[in-house]
Amino acid sequence: MKRNILTVVIMALSIVNLVLSAVIVFSVVPNVNKTNNLIDKVAEIINLDLEAQNGNEKIITVDDLESYNFEEELIINLKKDADSSKENYAVINKISLSLYNGATDFDKVKSNIETSSATVYDIIRKGFSSYTKDEAKVNEDKIKSSIIQMLNEKYGDRVVQDIVFGSLVFQ
């Protein structure tokens, strides 16, 4: 009789253990998934790439970049504020493009940029012209990334890595 009671107690504890394990699985796993999704969204917002780098893809260092400078001052009309009829402008002095010199068509792209600086200025104008003065101040990094994207679409993928404005003043 003692063996039967002991067997019943062990069986009851095993069932309780199974039930508690199921509760833990069904309560912890969804929370872990939600946390993982939140981390992915935050990483996407701050442009972190959490995926492993492809072995064929080269990591671009500062030594792989070459600067190309534009000395002309660029004055860009910004979108008007809804509550103001005053014209707003962005004034940019000394624009510098960081070009990846390891790209296959680097020399061609560099010569195209040298000969068509007006196209580069036009792309920069397009990047700024859809923003009001206040929006442009807040979204400067977003504007830079959209300009880089438009330049890469125009001249070749991954050649333009960064754009730097020596002086950016909003009036």
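The model is a predicted one. Strand S3 spans residues 89–100 and is mostly covered, with 9 of its 12 residues buried.

**Strand pairing around S3**

- Strand S1, made of residues 65–70, pairs with S3 in the antiparallel sense over 6 bridges. Within this pairing, Asn69 stands opposite Ser96 of S3.
- Strand S2, residues 74–77, also pairs with S3 in the antiparallel sense, here over 4 bridges. Asn77 stands opposite Tyr89 of S3.
- Strand S4, residues 160–170, pairs with S3 over 9 bridges, and the sense is antiparallel. Val91 has Val169 in S4 as its bridge partner.
- In a regular strand, side chains alternate between the two faces of the sheet.

- Ile95 is among the core residues that touch the most other members of the largest nonpolar core.
- Leaving aside residues up to four places away in sequence, Ile95 touches Tyr68, Asn69, Phe70, Leu74, Tyr121, Ile124, Ile163, Val164 and Phe165.
- Ser96 lies in strand S3. Ser96 counts as buried because its relative accessible area is 14%, and the cut-off for buried is under 20%.
- The side chain of Ser96 makes a polar contact of 2.9 Å with the side chain of Asn69. Asn69 is also the residue that stands opposite Ser96.
- With residues up to four places away in sequence again left out, Ser96 touches Ser67, Tyr68, Asn69, Asp162, Ile163 and Val164.

**The largest nonpolar core**

- The largest nonpolar core holds 32 residues, of which Ile95, Leu97, Ile113, Ile124, Phe128 and Ile147 touch the most other members.
- The elements that give two or more residues to this core are the strands S1, S2, S3 and S4, together with helix H2 (106–115), helix H3 (117–129) and helix H5 (140–155).

**Aromatic residues**

- A search of the whole structure finds 3 aromatic pairs. One of them joins Tyr68 and Phe70, whose rings lie 5.0 Å apart from centre to centre, with 80 degrees between the planes.
- The pair of Tyr68 and Phe70 is edge-to-face, because planes over 60 degrees apart are counted in that way.
- Tyr68 is buried, with a relative accessible area of 16%. Phe70 is buried as well, at 3% relative accessibility.
- Tyr68 and Phe70 form one aromatic cluster together with Tyr121. Tyr68, Phe70 and Tyr121 are also among the residues that Ile95 touches.

- The buried residues of H2 are Phe106, Val109 and Ile113. Seen down the axis of H2, these buried residues fall within an arc of 70 degrees, and therefore they line one face of the helix.
- On the other side of H2, Asp107, Lys108 and Thr115 are exposed.
- The cover over the buried residues of H2 includes S1, S3, H3 and H5.

Note on methods:
Residues are numbered from 1 along each chain as its sequence is written. Side-chain values use heavy atoms; hydrogens and water are left out. Buried means under 20% relative accessible area, exposed over 50%, partly exposed in between (1.4 Å probe, protein chains only). Two strands pair if DSSP finds at least two bridges between them. A nonpolar core is a set of buried Ala, Val, Leu, Ile, Met, Phe, Trp, Tyr and Cys residues joined through side-chain atoms within 4.5 Å. Contact means heavy atoms within 4.5 Å. A polar contact is a pair of N or O atoms within 3.5 Å; within protein, one must be able to donate a hydrogen and the other to accept it, and residues adjacent in sequence count only if both atoms are side-chain atoms. Rings of Phe, Tyr and Trp (its six-membered ring) pair if their centres lie within 6.5 Å; planes under 30 degrees apart count as stacked, over 60 as edge-to-face and the rest as tilted. The arc is that of the directions from the helix axis to the C-beta atoms.
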